[in-house]
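Please study the sequence and the model before reading each solution.

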Amino acid sequence: MPSRPWILRLLLLVLAAVALAWLAWLGRPAEPARATPDGASATPQTPGPAQQAAVAAHGDRPEGMAAAAEPASAAPASQQPRLKPVMSEADWAAFDREWCAAMQPAREALRQGGLAALEKLPPRPLVDDDIQAAAGSQLLRRLSQALSARASPRERAVGLWLAGREAELLAEAQATRDPVIVALAAQRLRGEASAQATRLWRELEPTNMVALLHAQAIDPRPAAVWLESLASATAYEPHLTTVFQILHSVPAPTEGSPAALAQDIALVGLHAAWPLFEVGQLLKPCRRPESAPLARQCAAVAERLWALKPNDTFSPRIAFALVRAQPALRPAWEARARHAEAMAQLEMDGIDDNIEELMLRSACLAPPAPKGIMSERLRLGDAVYWSGRLPTDPAALDALVSRHRAARGGKSLLDAPPAAPTAASAPARP
């Protein structure tokens, strides 16, 4: 795979989306429109006859937007897609055309030489980072407004969260006592508001392991009592998938458009920033169990966690860490570790697929076989998405496991992770 410096910056927008979501736009006025170099109005231009014909031929598909943008290729290199403080559907359509015009060099490189040809492009992004991030910010605000206007309490609650209306979200959680809304408030509010919601969550779902894990941070119980409650859990449910299914119920202005890509990236950023419980509290008593009964409790929690099948690829690693100090348990966990390692390697392989799809979509070209890694994965949940793509051929599964272990210095997930190289032992950088 080529190094693709400009497209890798798109992946960094995941982090930009997170930062914007909490620092730039929540509950604040929209960002002002970007001034054009010549001081002209930011009002979108009406497409000419050639562009209109292209859209008529291809509709709103990426190839239609790309064809509509081609006559604009003579525009100055500094011409960038424009955003207004409030974007109508027509404004988003104009933004898509202007994005596609700015991305013409990448589109031509892909058409002529494929992915490797992108190496010849300048390292800076063809669409400025701040414009891409501001578009994601505006689209999240659009999502919030759409959800806040709906009749469903859950949808309204997600809209309140996106809008940063924390007091209203807590009030909604307390009034409805809906576990999904209460879990959202517990995990996404801060300070005392989060603590109140967390206590209510534990009250409503006393056998939900995730609620118990979060509650331990604010209302700690003795290790033996807490581990016993975890070992008796009947669910492992953060309600994250439900929240992202609600978020995906609001379509982007145009399917397959640059605006849709910006919305996907913004949602990936929100997903990546989802807070976890304090894992150290759970692992501390089990790293070196002080007694045989405590060791048995640690093993029981690990068994329960695995049996509850968390819909993510992180939580199973916690189960492995819980039994790591007990070598006698290793044979019973070996097959489970191999399954998790194969899925983890498949997830890593999916990064390249994700990058390639991003490259094509950002250049206003339709991927030949869209995998929906960004959107479908969030709607289904990581474990459901990746486990459904595991190979059924044992040899192919073994190959995934071997590659994963090779990247960990030959170690299984049942082994402690390899130590990070120190400055002295790390190879010198060229």
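Helices are DSSP runs (H or I) of at least four residues, numbered from the N terminus. The model is predicted.

**Exercise 1.** Determine where T313 lies and whether T313 counts as buried or exposed.

*Solution.* 
Step 1. T313 is found in the loop that joins α16 (292-307) and α17 (315-323).
Step 2. Buried means under 20% relative accessible area. The relative accessibility of T313 is 19%, so T313 counts as buried.

**Exercise 2.** Identify the residues in contact with T313, leaving aside its neighbours within four places in sequence.

*Solution.* 
Step 1. These residues are M343, E347, D382 and W386.
Step 2. With E347, the contact includes a polar one between the two side chains, at 3.1 Å.

**Exercise 3.** Describe how α15 and α17 are arranged.

*Solution.* 
Step 1. The axes of α15 (residues 279-287) and α17 come within 8 Å, crossing at roughly 25°.
Step 2. Angles under 35 degrees count as roughly parallel; therefore α15 is roughly parallel to α17.
Step 3. The crossing is right-handed.
Step 4. V279, L282, L283 and C286 of α15 meet I318, A321 and L322 of α17. By class, this contact has 7 nonpolar residues, with no polar and no charged ones.

**Exercise 4.** How many of the residues of α17 are buried, and against which helices do they pack?

*Solution.* 
Step 1. Of the 9 residues of α17, 8 are buried, and the helix is mostly covered.
Step 2. Among the buried residues are P316, I318, F320 and L322.
Step 3. The buried residues pack against α15, α16 and α18 (330-362).

Key:
Residues numbered from 1 in each chain as written. Predicted model: local features only at pLDDT ≥ 70, side-chain atom pairs only at ≥ 80, totals over all residues. Heavy atoms only, no water. Helix = DSSP H or I, 4+ residues; strand = E, 2+ residues; numbered from the N terminus. Buried < 20%, exposed > 50% of the residue type's maximum accessible area, 1.4 Å probe, protein only. Polar contact = N/O pair within 3.5 Å; in protein donor to acceptor, adjacent residues only side chain to side chain. Contact = heavy atoms within 4.5 Å. Axes fitted to C-alpha atoms, helices over the stretch in contact; angles between N-to-C directions. Parallel < 35°, antiparallel > 145°, perpendicular 65-115°, else oblique. Left-handed = near helix turned anticlockwise from the far one by under 90°. Nonpolar A, V, L, I, M, F, W, Y, C, P; charged D, E, K, R; others polar.
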